[in-house]
Amino acid sequence: MRCMKYAQAEQKLARIIEESGTSSHLQQIVDFLYETFDTYSWIGIYLVKGKTLVLGPWKGTQATEHTRIPVGTGICGSAAKSGKTELIPDVNKDTRYLSCFVSTKSEIVVPIRAQGKIVGEIDIDSDVPHAFTTKDVMFLEKVADMLSEHIC
Ligand code: SME
């Protein structure tokens, strides 16, 4: 059933990207992920501007103070630097972690690549420990691929 949910979510996201104008699709995607997956407690898309990650559309119950993160700093900055997905089952055990919300227990950061460069990333915090599985990794890496030509 959960597998089906990922597949259906992928189709819905493809439609959002296809149908929406460039200005609104990122917010719609963030909103959709937030509403669809119970364990996704805060979702944000950071965009790479020079050597800094700048927070774009986000959805969650609270705003983060980390709206600008240097590439190389924190979990987000590490993923932007390496170009690899960061899956953190327990944020309190990772010394790189920049705390945003006391409720966060686990986190995943998936880079968005375009023409060989990292142009942004999807950052998801969960209030549930060990919330993210390899299915989330595969799904969110697909979403990042879908977004790669739609980030400016
Ligand atoms: N925890 C992130 C910072 C961003 S907030 O989670 C929204 C990090 O360690 O880079």
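A: Radius of gyration is taken here over C-alpha atoms, and the globule rule is 2.2 Å times the number of residues to the power 0.38. With 152 residues, a compact globule would come out near 15 Å, and this chain, at 14 Å, agrees with that. Its C-alpha atoms fill a box of roughly 40 × 40 × 25 Å along the principal axes.

Q: What should I know about the model before reading on?

A: It is a predicted model, where local features need pLDDT of at least 70 and side-chain atom pairs count only at pLDDT 80 or more, while totals for chains, interfaces and linings use all residues. Residues are numbered from 1 along each chain as its sequence is written, and side-chain values use heavy atoms, leaving out hydrogens and water.

Q: How many helices and strands does the chain have, and which pattern do they follow?

A: Helices (H or I, at least four residues) and strands (E, at least two) are DSSP runs, numbered from the N terminus. There are 4 helices and 6 strands here, and reading along the sequence gives α-α-β-β-β-α-β-β-β-α.

Q: How much of the chain is buried?

A: Buried means under 20% relative accessible area, exposed over 50%, and partly exposed in between (1.4 Å probe, protein chains only). In this chain, 47% of the 152 residues count as buried.

Q: Which residues have the most contacts inside the largest nonpolar core?

A: A nonpolar core joins buried Ala, Val, Leu, Ile, Met, Phe, Trp, Tyr and Cys residues through side-chain atoms within 4.5 Å. The largest one has 29 residues, and Leu33, Tyr40, Phe139 and Leu147 have the most contacts inside it. Elements giving two or more residues include helix 1 (2–19), helix 2 (25–36) and strand 1 (42–49). Helix 4 gives the most, with 6 residues. Apart from this core lies another, of 14 residues, with Leu55, Ile69, Ile75 and Ala80 among them.

Q: Which residues does Tyr40 contact?

A: Contact means heavy atoms within 4.5 Å. Setting aside neighbours within four places in sequence, the partners of Tyr40 include Tyr6, Leu33, Ile124, Phe132, Phe139 and Leu140. For the chain, among contacts between residues at least 6 apart in sequence, 51% join residues at least 24 apart.

Q: Is helix 3 mostly covered or mostly open, and what does it pack against?

A: Helix 3 (residues 74–82) is mostly covered, with 7 of its 9 residues buried. Among them are Ile75, Cys76, Ala79 and Ala80. The buried residues of helix 3 pack against strand 1, strand 2 (52–59), strand 3 (68–70), strand 4 (86–88), strand 5 and strand 6. Just after helix 3, Gly83 takes a positive phi of about 80°.

Q: Where does Gly72 lie, and which residues does it touch?

A: Gly72 is in the loop between strand 3 and helix 3, and is partly exposed because its relative accessibility is 38%. Beyond neighbours within four places, Gly72 is in contact with Gly77, Ser78 and Lys81. Gly72 and Thr52 are 20 residues apart in sequence and 9.0 Å apart in space, C-alpha to C-alpha.

Q: What is the phi of Gln115, and of His130?

A: Most residues other than glycine have a negative phi. Gln115 has a positive phi near 50°, and His130 a positive one near 55°. Gln115 lies in the loop between strand 5 and strand 6, and is exposed, with a relative accessible area of 84%. His130 lies in the loop between strand 6 and helix 4, and its 57% relative accessibility also counts as exposed.
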